[in-house]
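Reader: I am new to this structure. Can you walk me through how to read a few of its features?

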Amino acid sequence: MGNAVDGIRQYYERGMTFLFRLVDECPDDLWGKKGGGFFFWQQVYHAFFCIDYFLLPPGEEIPGGAYGRAAAMLSEDCSVIPPKEEIRAFGMRMKEKADAWIDSLDDGALSMRHEGMSARKGAEMANGAVFVSLCGHNMYHVGCLDSVLRENGLKGVY
């Protein structure tokens, strides 16, 4: 048995793999359609975008992204339907950020305060809670998008 960071990393990697599969396997005609209240692409984009929300240090502004913060945070629709390749490339950049943060952790760091999320939430949050929250957020959106695929007669990724 490995350490706790490696165990949680497996959960994180599983969710990221599913998110990238959702990009790759979503039919083009469904990519720009709404399902579960949001455009399919927008939910994938949101999951990748929120990596900054979870991981940025305090005082760093979450970038607006190519489609604006409101669209990324599912606060408004976006009339532009970006190509899958663009969202996939964005996801890869965000995954690199998350991977670097995860690589900096050891089991002892899991109980240490995560300064950025503690500041953003206005409550104490440890690195471990942030790590698990990131995983859970990704898997939530995997489940939402998987159900959209299934509702449209397709095989899900999960």
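Author: Start with one term. Contact means heavy atoms within 4.5 Å. Keep in mind that this is a predicted model.

Reader: Which residues of α1 meet which residues of α3?

Author: From α1 come M16, L19, F20, L22 and V23. From α3 come F40, V44, A47, F48 and I51. By class, this contact has ten nonpolar residues, with no polar and no charged ones.

Reader: How is the packing of two helices described?

Author: Two numbers do it: the angle between the axes and the distance between them. Here, α1 covers residues 4-25 and α3 covers residues 40-55. They pack at about 150°, and their axes lie 10 Å apart. The crossing of α1 past α3 is left-handed.

Reader: What is a disulfide, in general?

Author: A covalent bond between the sulfur atoms of two cysteines. In this model the count is zero.

Reader: Is C50 buried or exposed?

Author: Buried means under 20% relative accessible area. C50 has 3% relative accessibility, so C50 counts as buried. C78, at 12%, counts as buried too.

Reader: How many residues has helix α7, and how far does it reach?

Author: Helix α7, residues 127-151, has 25 residues. It reaches 36 Å from first C-alpha to last, close to the expected 36 Å. Just after α7, G153 takes a positive phi of about 75°.

Key
Residues are numbered from 1 along each chain as its sequence is written. This is a predicted model: local features need pLDDT of at least 70, side-chain atom pairs count only at pLDDT 80 or more; totals for chains, interfaces and linings use all residues. Side-chain values use heavy atoms; hydrogens and water are left out. Helices (H or I, at least four residues) and strands (E, at least two) are DSSP runs, numbered from the N terminus. The expected span of a helix is 1.5 Å times one less than its number of residues. Axes are lines fitted to C-alpha atoms, for helices over the stretch in contact, and angles run from 0 to 180 degrees between N-to-C directions. A crossing is left-handed if the near helix is turned anticlockwise from the far one by less than a right angle, and right-handed if clockwise. Ala, Val, Leu, Ile, Met, Phe, Trp, Tyr, Cys and Pro count as nonpolar, Asp, Glu, Lys and Arg as charged, and the others, Gly among them, as polar. A disulfide is a pair of cysteine sulfur atoms within 2.5 Å. Buried means under 20% relative accessible area, exposed over 50%, partly exposed in between (1.4 Å probe, protein chains only).
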